[in-house]
Amino acid sequence: QNETRMEALLPSSLPPLIEGGIAFTYGLKPYVEPTVVLVPSFVEDQVTSLASAIGFDYDTLSYTLGLFLCYPLGLVMSLLPYGKVKHLFSFFLGAFLLQFTLGVQWIHQLVASLVAYAAFAVLPRRLSKTVVPVFIVGYCVLGHLHRQYVNYLGWDLDFTGPHMVLTIKLYSIAWNLYDGECLAKADGNEDKVSRAAKKCKKFALEEMPSLLEFLGYTFCFSNVLAGPAYEFSIYKAAADGSLLYDANGKPRGKIPSQIPATLKAFVTSVVCMGLFVVGTGKFPIMDPADPQNNPPVFIAAGSGWSRHDGTPWHVRYAYQWVALLCIRFKYYFAWKNAEGANNIWYAGFEGFDEKGEPKGWENANNIDIISFETAPNLKILSAAWNKKTSNWLTRYIYMRTGGSLTATYAMSAFWHGFYPGYYFFFLSMPLLTSCERIGRKKLSPRFSTGGKWTPWGVTTIVTTSFLIEYFIQPFQMLAWEWSVEAWAQHYWFGHVAAVAFYAICSVLPTPKDDKKKKA
(Lines give C-alpha, C1' and ligand atoms only; values in the text may rest on other atoms or scores of the structure.)
Protein backbone atom coordinates (compact mmCIF):
# COMPACT_ATOMS: atom_id res chain seq x y z
CA GLN A 1 0.00 0.00 0.00
CA ASN A 2 2.72 2.50 0.91
CA GLU A 3 4.73 1.83 -2.24
CA THR A 4 1.57 2.44 -4.23
CA ARG A 5 1.10 5.80 -2.52
CA MET A 6 4.66 6.83 -3.40
CA GLU A 7 4.43 5.49 -6.94
CA ALA A 8 1.30 7.55 -7.54
CA LEU A 9 3.48 10.67 -7.34
CA LEU A 10 5.95 9.44 -9.98
CA PRO A 11 5.88 9.04 -13.77
CA SER A 12 5.17 5.42 -14.72
CA SER A 13 8.64 5.03 -16.24
CA LEU A 14 10.46 5.76 -12.98
CA PRO A 15 9.37 2.93 -10.61
CA PRO A 16 11.06 0.16 -12.66
CA LEU A 17 14.31 2.15 -12.71
CA ILE A 18 14.08 2.87 -8.99
CA GLU A 19 13.36 -0.74 -8.15
CA GLY A 20 16.27 -1.86 -10.29
CA GLY A 21 18.60 0.48 -8.41
CA ILE A 22 17.27 -0.69 -5.07
CA ALA A 23 17.67 -4.35 -6.08
CA PHE A 24 21.27 -3.71 -7.14
CA THR A 25 22.06 -1.98 -3.84
CA TYR A 26 20.41 -4.73 -1.80
CA GLY A 27 22.41 -7.25 -3.81
CA LEU A 28 25.57 -5.89 -2.22
CA LYS A 29 24.43 -6.96 1.23
CA PRO A 30 26.29 -10.32 1.22
CA TYR A 31 29.54 -8.43 0.60
CA VAL A 32 28.90 -6.00 3.45
CA GLU A 33 27.66 -8.44 6.11
CA PRO A 34 31.19 -9.73 6.91
CA THR A 35 32.12 -6.17 8.01
CA VAL A 36 29.64 -6.28 10.91
CA VAL A 37 32.13 -7.76 13.36
CA LEU A 38 32.07 -5.41 16.35
CA VAL A 39 28.82 -6.59 17.93
CA PRO A 40 28.79 -10.16 19.34
CA SER A 41 25.72 -12.21 18.36
CA PHE A 42 24.79 -12.82 22.01
CA VAL A 43 24.38 -9.05 22.50
CA GLU A 44 21.83 -8.92 19.69
CA ASP A 45 20.05 -11.94 21.17
CA GLN A 46 19.85 -10.30 24.60
CA VAL A 47 18.52 -7.02 23.19
CA THR A 48 15.93 -8.91 21.14
CA SER A 49 14.75 -10.80 24.23
CA LEU A 50 14.62 -7.61 26.29
CA ALA A 51 12.66 -5.78 23.59
CA SER A 52 10.12 -8.58 23.47
CA ALA A 53 9.79 -8.63 27.25
CA ILE A 54 9.10 -4.90 27.64
CA GLY A 55 7.04 -4.48 24.47
CA PHE A 56 9.56 -2.38 22.50
CA ASP A 57 10.67 -3.00 18.95
CA TYR A 58 14.35 -3.86 18.48
CA ASP A 59 15.17 -0.63 16.61
CA THR A 60 13.81 1.66 19.32
CA LEU A 61 15.44 -0.25 22.15
CA SER A 62 18.84 -0.59 20.48
CA TYR A 63 18.87 3.12 19.60
CA THR A 64 17.93 4.13 23.16
CA LEU A 65 20.51 1.78 24.66
CA GLY A 66 23.08 3.15 22.23
CA LEU A 67 22.44 6.69 23.45
CA PHE A 68 22.83 5.73 27.11
CA LEU A 69 25.88 3.59 26.35
CA CYS A 70 27.68 6.78 25.30
CA TYR A 71 28.01 7.75 28.97
CA PRO A 72 30.33 4.93 30.09
CA LEU A 73 32.12 5.23 26.76
CA GLY A 74 32.56 8.94 27.38
CA LEU A 75 34.01 8.22 30.81
CA VAL A 76 36.54 5.86 29.23
CA MET A 77 37.31 8.48 26.57
CA SER A 78 38.08 11.05 29.28
CA LEU A 79 40.67 8.71 30.83
CA LEU A 80 42.52 7.81 27.62
CA PRO A 81 45.75 9.52 26.52
CA TYR A 82 45.27 12.48 24.20
CA GLY A 83 45.90 12.13 20.50
CA LYS A 84 45.84 8.96 18.42
CA VAL A 85 44.41 6.74 21.14
CA LYS A 86 41.38 8.99 21.60
CA HIS A 87 40.84 9.26 17.83
CA LEU A 88 41.04 5.49 17.46
CA PHE A 89 38.65 4.92 20.36
CA SER A 90 36.20 7.49 18.97
CA PHE A 91 36.24 5.84 15.54
CA PHE A 92 35.90 2.23 16.63
CA LEU A 93 33.26 2.87 19.28
CA GLY A 94 31.29 5.00 16.84
CA ALA A 95 31.46 2.13 14.36
CA PHE A 96 30.33 -0.24 17.12
CA LEU A 97 27.28 1.89 17.92
CA LEU A 98 26.33 2.08 14.25
CA GLN A 99 26.68 -1.69 13.82
CA PHE A 100 24.70 -2.23 17.03
CA THR A 101 21.81 -0.02 15.91
CA LEU A 102 21.92 -0.28 12.10
CA GLY A 103 23.67 -3.55 11.26
CA VAL A 104 24.97 -3.63 7.68
CA GLN A 105 23.80 -0.08 7.05
CA TRP A 106 26.77 1.20 9.04
CA ILE A 107 28.75 0.90 5.82
CA HIS A 108 27.14 4.06 4.45
CA GLN A 109 28.97 6.08 7.10
CA LEU A 110 32.29 4.54 6.16
CA VAL A 111 31.86 4.81 2.39
CA ALA A 112 30.71 8.42 2.50
CA SER A 113 33.55 9.37 4.87
CA LEU A 114 36.25 7.72 2.75
CA VAL A 115 34.97 9.16 -0.53
CA ALA A 116 34.89 12.64 1.00
CA TYR A 117 38.40 12.24 2.43
CA ALA A 118 39.71 11.11 -0.97
CA ALA A 119 38.10 14.18 -2.56
CA PHE A 120 39.76 16.45 -0.01
CA ALA A 121 43.09 14.74 -0.67
CA VAL A 122 43.12 15.07 -4.47
CA LEU A 123 40.97 18.06 -5.38
CA PRO A 124 41.87 21.74 -5.09
CA ARG A 125 40.05 23.44 -2.21
CA ARG A 126 38.05 25.65 -4.61
CA LEU A 127 36.58 22.45 -6.09
CA SER A 128 36.28 20.28 -2.98
CA LYS A 129 34.18 22.98 -1.26
CA THR A 130 31.55 22.29 -3.91
CA VAL A 131 32.14 18.64 -4.86
CA VAL A 132 31.99 17.23 -1.32
CA PRO A 133 28.82 19.13 -0.28
CA VAL A 134 27.08 18.09 -3.52
CA PHE A 135 28.16 14.49 -2.97
CA ILE A 136 27.12 14.23 0.66
CA VAL A 137 23.83 16.10 0.24
CA GLY A 138 23.08 13.92 -2.81
CA TYR A 139 23.84 10.80 -0.75
CA CYS A 140 21.51 12.06 1.98
CA VAL A 141 18.79 12.84 -0.59
CA LEU A 142 18.96 9.34 -2.05
CA GLY A 143 18.69 7.87 1.43
CA HIS A 144 15.55 9.89 2.15
CA LEU A 145 13.98 9.00 -1.20
CA HIS A 146 14.72 5.31 -0.69
CA ARG A 147 13.12 5.36 2.73
CA GLN A 148 10.02 7.12 1.44
CA TYR A 149 9.74 4.75 -1.51
CA VAL A 150 9.99 1.48 0.38
CA ASN A 151 8.16 2.56 3.55
CA TYR A 152 6.05 5.63 2.84
CA LEU A 153 4.96 7.36 6.06
CA GLY A 154 6.40 4.46 8.03
CA TRP A 155 9.11 4.59 10.67
CA ASP A 156 12.05 2.27 10.93
CA LEU A 157 15.58 2.96 12.04
CA ASP A 158 17.91 3.29 9.09
CA PHE A 159 21.14 5.07 8.15
CA THR A 160 19.48 8.37 7.19
CA GLY A 161 19.47 9.69 10.78
CA PRO A 162 23.23 9.34 11.40
CA HIS A 163 23.82 10.35 7.78
CA MET A 164 22.10 13.70 8.40
CA VAL A 165 24.66 14.33 11.14
CA LEU A 166 27.47 13.22 8.80
CA THR A 167 26.18 15.57 6.09
CA ILE A 168 26.67 18.56 8.38
CA LYS A 169 30.17 17.42 9.35
CA LEU A 170 31.49 16.83 5.82
CA TYR A 171 29.78 19.90 4.38
CA SER A 172 31.38 22.02 7.12
CA ILE A 173 34.87 20.55 6.72
CA ALA A 174 34.77 21.32 2.98
CA TRP A 175 34.33 25.01 3.76
CA ASN A 176 36.73 24.90 6.72
CA LEU A 177 39.54 23.72 4.42
CA TYR A 178 38.68 26.30 1.77
CA ASP A 179 38.56 29.11 4.34
CA GLY A 180 41.88 27.96 5.74
CA GLU A 181 43.51 28.14 2.32
CA CYS A 182 42.03 31.58 1.60
CA LEU A 183 43.15 32.97 4.94
CA ALA A 184 46.66 31.53 4.47
CA LYS A 185 46.96 33.11 1.01
CA ALA A 186 45.76 36.44 2.39
CA ASP A 187 48.79 36.41 4.71
CA GLY A 188 47.12 38.49 7.37
CA ASN A 189 45.34 40.85 4.99
CA GLU A 190 41.77 39.79 5.68
CA ASP A 191 40.42 42.33 3.22
CA LYS A 192 41.31 39.76 0.56
CA VAL A 193 38.96 37.11 1.95
CA SER A 194 35.20 36.94 2.04
CA ARG A 195 33.16 38.24 4.95
CA ALA A 196 31.92 34.70 5.59
CA ALA A 197 35.47 33.32 5.77
CA LYS A 198 36.41 36.01 8.29
CA LYS A 199 33.42 35.22 10.46
CA CYS A 200 34.26 31.49 10.38
CA LYS A 201 37.99 32.04 10.88
CA LYS A 202 38.19 30.14 14.17
CA PHE A 203 36.91 26.99 12.44
CA ALA A 204 39.21 27.26 9.41
CA LEU A 205 41.66 24.42 8.71
CA GLU A 206 44.98 25.21 7.07
CA GLU A 207 46.06 21.57 7.02
CA MET A 208 44.30 18.40 5.98
CA PRO A 209 43.37 16.25 9.00
CA SER A 210 44.98 12.84 9.18
CA LEU A 211 42.72 9.93 8.20
CA LEU A 212 42.55 8.81 11.85
CA GLU A 213 41.55 12.28 13.04
CA PHE A 214 39.00 12.50 10.25
CA LEU A 215 37.36 9.14 11.01
CA GLY A 216 37.48 9.85 14.74
CA TYR A 217 35.40 12.95 13.99
CA THR A 218 32.97 11.53 11.43
CA PHE A 219 32.35 8.44 13.59
CA CYS A 220 32.61 10.21 16.94
CA PHE A 221 30.71 7.89 19.29
CA SER A 222 29.16 10.64 21.42
CA ASN A 223 27.35 12.34 18.53
CA VAL A 224 27.14 9.75 15.75
CA LEU A 225 23.56 8.73 16.57
CA ALA A 226 21.81 11.97 17.48
CA GLY A 227 24.34 14.75 16.99
CA PRO A 228 25.12 17.48 17.71
CA ALA A 229 27.40 17.97 14.73
CA TYR A 230 29.84 20.52 16.12
CA GLU A 231 32.86 21.72 14.14
CA PHE A 232 35.93 19.56 13.49
CA SER A 233 38.14 22.05 15.33
CA ILE A 234 36.04 21.56 18.48
CA TYR A 235 36.39 17.77 18.31
CA LYS A 236 40.12 17.96 17.60
CA ALA A 237 40.84 20.34 20.49
CA ALA A 238 39.03 18.03 22.93
CA ALA A 239 40.71 14.89 21.55
CA ASP A 240 44.28 16.20 21.35
CA GLY A 241 44.16 18.05 24.68
CA SER A 242 44.73 21.57 23.28
CA LEU A 243 41.33 22.59 24.66
CA LEU A 244 42.61 22.26 28.24
CA TYR A 245 46.41 22.46 27.95
CA ASP A 246 48.90 24.64 26.09
CA ALA A 247 51.82 23.35 24.00
CA ASN A 248 53.94 22.96 27.15
CA GLY A 249 51.34 20.82 28.88
CA LYS A 250 50.32 23.60 31.24
CA PRO A 251 46.60 23.99 31.99
CA ARG A 252 45.10 27.01 30.23
CA GLY A 253 43.11 27.75 33.37
CA LYS A 254 41.49 26.05 36.31
CA ILE A 255 39.89 23.00 34.69
CA PRO A 256 36.29 22.66 35.88
CA SER A 257 34.75 19.34 36.80
CA GLN A 258 32.64 17.89 34.01
CA ILE A 259 30.29 16.16 36.47
CA PRO A 260 27.75 18.99 37.04
CA ALA A 261 27.38 19.73 33.31
CA THR A 262 27.08 16.02 32.54
CA LEU A 263 24.53 15.28 35.26
CA LYS A 264 22.40 18.32 34.42
CA ALA A 265 22.07 17.24 30.79
CA PHE A 266 21.55 13.58 31.72
CA VAL A 267 18.82 14.25 34.28
CA THR A 268 17.08 16.64 31.89
CA SER A 269 17.13 13.99 29.18
CA VAL A 270 15.63 11.33 31.46
CA VAL A 271 12.85 13.70 32.57
CA CYS A 272 12.12 14.58 28.94
CA MET A 273 11.99 10.89 28.01
CA GLY A 274 9.41 10.30 30.73
CA LEU A 275 7.34 13.31 29.66
CA PHE A 276 7.44 12.10 26.07
CA VAL A 277 6.28 8.58 26.92
CA VAL A 278 3.50 9.74 29.25
CA GLY A 279 2.48 12.78 27.21
CA THR A 280 2.24 11.09 23.83
CA GLY A 281 0.33 8.24 25.45
CA LYS A 282 -2.36 10.66 26.64
CA PHE A 283 -2.19 13.12 23.73
CA PRO A 284 -1.10 11.19 20.63
CA ILE A 285 -0.69 12.90 17.29
CA MET A 286 -0.74 9.78 15.15
CA ASP A 287 -3.29 6.99 15.47
CA PRO A 288 -1.71 4.43 17.83
CA ALA A 289 -3.56 1.61 16.05
CA ASP A 290 -1.97 2.29 12.65
CA PRO A 291 0.06 5.52 12.49
CA GLN A 292 1.30 4.74 9.00
CA ASN A 293 -2.06 4.51 7.27
CA ASN A 294 -4.77 6.00 9.51
CA PRO A 295 -5.21 9.78 9.61
CA PRO A 296 -3.64 11.61 12.57
CA VAL A 297 -5.80 11.93 15.67
CA PHE A 298 -6.67 15.61 15.48
CA ILE A 299 -7.87 15.46 11.87
CA ALA A 300 -9.51 12.01 11.92
CA ALA A 301 -13.30 11.78 11.98
CA GLY A 302 -14.43 9.83 15.03
CA SER A 303 -11.39 10.70 17.15
CA GLY A 304 -13.33 13.34 19.06
CA TRP A 305 -10.70 15.98 18.32
CA SER A 306 -11.42 16.97 14.71
CA ARG A 307 -13.76 19.44 13.06
CA HIS A 308 -15.68 16.48 11.63
CA ASP A 309 -16.76 15.58 15.18
CA GLY A 310 -18.14 19.04 15.88
CA THR A 311 -15.43 19.72 18.46
CA PRO A 312 -15.12 23.46 19.18
CA TRP A 313 -12.16 25.11 17.50
CA HIS A 314 -10.47 26.26 20.70
CA VAL A 315 -10.61 22.71 22.09
CA ARG A 316 -9.10 21.28 18.90
CA TYR A 317 -6.32 23.83 18.94
CA ALA A 318 -5.60 23.28 22.63
CA TYR A 319 -5.27 19.52 22.05
CA GLN A 320 -2.93 20.08 19.14
CA TRP A 321 -0.85 22.53 21.16
CA VAL A 322 -0.34 20.02 23.98
CA ALA A 323 0.23 17.09 21.60
CA LEU A 324 2.94 18.93 19.69
CA LEU A 325 4.61 19.93 22.96
CA CYS A 326 4.68 16.29 24.06
CA ILE A 327 6.25 15.16 20.77
CA ARG A 328 9.04 17.73 21.18
CA PHE A 329 10.16 15.99 24.35
CA LYS A 330 11.46 13.18 22.13
CA TYR A 331 13.94 15.58 20.56
CA TYR A 332 14.78 17.15 23.91
CA PHE A 333 15.58 13.71 25.29
CA ALA A 334 17.93 12.75 22.44
CA TRP A 335 19.73 16.08 22.30
CA LYS A 336 20.17 16.50 26.05
CA ASN A 337 21.32 12.89 26.32
CA ALA A 338 23.95 13.51 23.65
CA GLU A 339 24.97 16.78 25.31
CA GLY A 340 25.81 14.97 28.53
CA ALA A 341 27.71 12.25 26.68
CA ASN A 342 29.91 14.90 25.06
CA ASN A 343 30.36 16.88 28.27
CA ILE A 344 31.73 13.87 30.13
CA TRP A 345 34.91 13.94 28.00
CA TYR A 346 34.99 17.76 27.72
CA ALA A 347 33.92 17.94 24.06
CA GLY A 348 31.08 20.17 25.24
CA PHE A 349 33.42 22.49 27.15
CA GLU A 350 34.13 25.82 25.42
CA GLY A 351 37.58 26.35 26.90
CA PHE A 352 38.98 29.39 28.68
CA ASP A 353 38.94 33.13 28.09
CA GLU A 354 42.06 35.30 28.01
CA LYS A 355 42.02 35.47 31.82
CA GLY A 356 41.95 31.69 32.16
CA GLU A 357 38.33 31.62 33.28
CA PRO A 358 36.04 28.81 31.98
CA LYS A 359 33.70 30.03 29.23
CA GLY A 360 30.93 27.47 29.63
CA TRP A 361 29.51 24.24 28.19
CA GLU A 362 27.82 25.26 24.97
CA ASN A 363 29.76 23.23 22.39
CA ALA A 364 27.39 20.25 22.57
CA ASN A 365 24.24 22.10 23.62
CA ASN A 366 21.74 21.55 20.80
CA ILE A 367 18.59 22.89 22.45
CA ASP A 368 17.69 25.62 24.93
CA ILE A 369 14.35 24.24 26.07
CA ILE A 370 13.10 27.23 28.08
CA SER A 371 14.32 29.73 25.47
CA PHE A 372 12.55 27.80 22.73
CA GLU A 373 9.27 27.34 24.56
CA THR A 374 9.17 31.03 25.59
CA ALA A 375 10.66 32.57 22.45
CA PRO A 376 9.29 36.09 21.78
CA ASN A 377 10.11 35.91 18.06
CA LEU A 378 11.09 33.54 15.29
CA LYS A 379 14.75 34.56 15.39
CA ILE A 380 15.20 33.52 19.02
CA LEU A 381 13.04 30.43 18.51
CA SER A 382 15.17 29.27 15.55
CA ALA A 383 18.41 29.97 17.42
CA ALA A 384 17.30 27.85 20.38
CA TRP A 385 16.18 24.79 18.36
CA ASN A 386 18.63 22.26 16.89
CA LYS A 387 21.37 24.82 17.43
CA LYS A 388 24.24 23.06 15.69
CA THR A 389 22.16 22.47 12.57
CA SER A 390 21.22 26.14 12.71
CA ASN A 391 24.92 27.02 12.91
CA TRP A 392 25.61 24.91 9.82
CA LEU A 393 22.79 26.50 7.85
CA THR A 394 23.92 29.98 8.90
CA ARG A 395 27.67 29.58 8.36
CA TYR A 396 27.74 27.44 5.24
CA ILE A 397 24.50 28.13 3.38
CA TYR A 398 23.03 31.50 4.42
CA MET A 399 26.37 33.33 4.61
CA ARG A 400 27.74 31.64 1.46
CA THR A 401 24.70 32.54 -0.68
CA GLY A 402 24.58 36.25 0.09
CA GLY A 403 22.01 35.88 2.84
CA SER A 404 19.46 33.93 0.80
CA LEU A 405 16.59 32.76 3.03
CA THR A 406 15.20 30.74 0.13
CA ALA A 407 18.44 28.78 -0.30
CA THR A 408 18.72 28.28 3.46
CA TYR A 409 15.19 26.98 3.97
CA ALA A 410 15.44 24.85 0.82
CA MET A 411 18.62 23.19 2.08
CA SER A 412 17.01 22.58 5.45
CA ALA A 413 14.06 20.96 3.71
CA PHE A 414 16.28 18.75 1.49
CA TRP A 415 18.28 17.74 4.56
CA HIS A 416 15.10 16.62 6.35
CA GLY A 417 13.64 14.68 3.43
CA PHE A 418 11.01 14.97 0.75
CA TYR A 419 7.68 14.54 2.43
CA PRO A 420 5.35 17.37 1.35
CA GLY A 421 4.81 18.41 4.97
CA TYR A 422 8.42 19.55 5.28
CA TYR A 423 7.99 21.88 2.34
CA PHE A 424 4.66 23.23 3.53
CA PHE A 425 6.44 24.26 6.72
CA PHE A 426 9.73 25.56 5.34
CA LEU A 427 8.14 27.47 2.46
CA SER A 428 5.87 29.21 4.96
CA MET A 429 8.80 30.37 7.09
CA PRO A 430 9.88 33.27 4.81
CA LEU A 431 6.38 34.70 5.27
CA LEU A 432 6.69 34.54 9.05
CA THR A 433 10.24 35.91 8.90
CA SER A 434 9.06 38.88 6.83
CA CYS A 435 6.29 39.54 9.36
CA GLU A 436 8.77 39.42 12.23
CA ARG A 437 11.13 41.85 10.54
CA ILE A 438 8.47 44.39 9.69
CA GLY A 439 6.93 44.03 13.16
CA ARG A 440 10.31 44.65 14.79
CA LYS A 441 10.73 47.73 12.60
CA LYS A 442 7.24 49.21 12.90
CA LEU A 443 5.75 47.98 16.20
CA SER A 444 8.51 47.12 18.68
CA PRO A 445 9.75 50.74 18.94
CA ARG A 446 6.20 51.80 19.80
CA PHE A 447 5.29 49.17 22.40
CA SER A 448 8.45 47.55 23.75
CA THR A 449 9.69 48.82 27.10
CA GLY A 450 12.56 46.37 27.23
CA GLY A 451 12.65 42.98 28.94
CA LYS A 452 11.15 39.66 28.04
CA TRP A 453 8.44 39.58 30.71
CA THR A 454 6.95 43.00 30.13
CA PRO A 455 3.36 43.16 28.79
CA TRP A 456 4.67 43.55 25.24
CA GLY A 457 7.20 40.76 25.77
CA VAL A 458 4.54 38.35 27.04
CA THR A 459 2.32 39.29 24.10
CA THR A 460 5.08 38.39 21.64
CA ILE A 461 5.79 35.10 23.45
CA VAL A 462 2.17 33.99 23.32
CA THR A 463 1.76 35.13 19.70
CA THR A 464 4.93 33.36 18.57
CA SER A 465 3.93 30.10 20.27
CA PHE A 466 0.35 30.35 19.05
CA LEU A 467 1.39 30.80 15.42
CA ILE A 468 4.31 28.37 15.33
CA GLU A 469 2.05 25.57 16.60
CA TYR A 470 -0.14 26.23 13.58
CA PHE A 471 2.64 26.37 11.00
CA ILE A 472 4.55 23.35 12.37
CA GLN A 473 1.66 20.88 11.93
CA PRO A 474 2.68 19.61 8.45
CA PHE A 475 6.14 18.80 9.82
CA GLN A 476 4.47 16.03 11.82
CA MET A 477 1.73 15.19 9.31
CA LEU A 478 4.23 14.61 6.45
CA ALA A 479 1.65 13.58 3.84
CA TRP A 480 0.15 16.16 1.47
CA GLU A 481 -3.49 15.43 2.26
CA TRP A 482 -2.92 15.26 6.01
CA SER A 483 -0.99 18.55 5.99
CA VAL A 484 -3.67 20.36 4.01
CA GLU A 485 -6.42 19.01 6.27
CA ALA A 486 -4.48 20.02 9.41
CA TRP A 487 -4.33 23.63 8.25
CA ALA A 488 -7.85 23.57 6.83
CA GLN A 489 -9.39 22.49 10.12
CA HIS A 490 -7.99 25.70 11.57
CA TYR A 491 -9.35 27.70 8.64
CA TRP A 492 -5.86 28.65 7.42
CA PHE A 493 -5.87 31.36 10.06
CA GLY A 494 -2.07 31.44 10.39
CA HIS A 495 -1.49 32.31 6.74
CA VAL A 496 -4.40 34.74 6.66
CA ALA A 497 -3.21 36.48 9.82
CA ALA A 498 0.38 36.72 8.56
CA VAL A 499 -0.62 38.26 5.23
CA ALA A 500 -3.00 40.70 6.95
CA PHE A 501 -0.36 41.63 9.55
CA TYR A 502 2.24 42.34 6.86
CA ALA A 503 -0.21 44.40 4.81
CA ILE A 504 -1.24 46.52 7.80
CA CYS A 505 2.32 47.07 9.01
CA SER A 506 3.42 48.04 5.51
CA VAL A 507 1.23 51.13 5.56
CA LEU A 508 2.22 52.17 9.09
CA PRO A 509 4.84 54.91 9.35
CA THR A 510 8.23 53.87 10.63
CA PRO A 511 9.06 55.45 14.02
CA LYS A 512 11.84 58.02 14.00
CA ASP A 513 15.28 56.84 15.02
CA ASP A 514 15.34 58.80 18.26
CA LYS A 515 12.21 57.04 19.45
CA LYS A 516 13.38 53.53 18.75
CA LYS A 517 13.91 51.17 21.61
CA LYS A 518 15.59 47.85 21.63
CA ALA A 519 12.96 45.12 21.08
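**Exercises on salt bridges and a pocket**

Arg307 and Glu485 form a salt bridge (a side-chain nitrogen of Lys or Arg within 4 Å of a carboxyl oxygen of Asp or Glu), with their closest N and O atoms 3.0 Å apart. The model is predicted, so that local features need pLDDT of at least 70 and side-chain atom pairs count only at pLDDT 80 or more, while totals for chains, interfaces and linings use all residues. Residues are numbered from 1 along each chain as its sequence is written, and side-chain values use heavy atoms, leaving out hydrogens and water.

**Exercise 1.** Locate Arg307 and Glu485 in the chain, and classify each by accessibility.

*Solution.* Step 1: Arg307 lies in the loop between α13 (259-282) and α14 (313-343), and Glu485 in helix α23 (residues 480-488). Helices are DSSP runs (H or I, at least four residues), numbered from the N terminus. Step 2: the pair links distant parts of the chain, 178 residues apart. Step 3: the classes are buried (under 20% relative accessible area), exposed (over 50%) and partly exposed (in between), with a 1.4 Å probe and protein chains only. Arg307, at 33%, is partly exposed, whereas Glu485, at 16%, is buried.

**Exercise 2.** Carry out the analysis for the salt bridge of Lys387 with Glu362.

*Solution.* Step 1: the closest N and O atoms of Lys387 and Glu362 are 2.8 Å apart. Step 2: Lys387 belongs to helix α17 (residues 387-398) and Glu362 to the loop between α14 and α15, so the pair ties together parts 25 residues apart in sequence. Step 3: Lys387 is buried at 10% relative accessibility, and Glu362 is partly exposed at 34%.

**Exercise 3.** State how many salt bridges the structure holds, and name the residues joined into one network by shared partners.

*Solution.* Step 1: the structure holds 13 salt bridges.

**Exercise 4.** Describe the second largest pocket by volume and lining.

*Solution.* Step 1: a pocket is an open set of points on a 1 Å grid over the protein atoms alone, with protein on both sides within 12 Å along at least five of seven lines; lining residues have an atom within 4 Å of a point. Step 2: the volume of the second largest pocket is about 960 Å³. Step 3: of its 30 lining residues, Thr25, Tyr26, His108, His146 and Phe159 are the closest to the centre. Step 4: α8 gives the largest share of the lining, eight residues.

How values were computed
1 Å grid on protein atoms, 1.4 Å probe; cavity = no way out; pocket = protein on both sides within 12 Å on 5 of 7 lines; lining within 4 Å. Points joined across faces, edges and corners; volume = space filled by probe spheres on them. Helix = DSSP H or I, 4+ residues; strand = E, 2+ residues; numbered from the N terminus.
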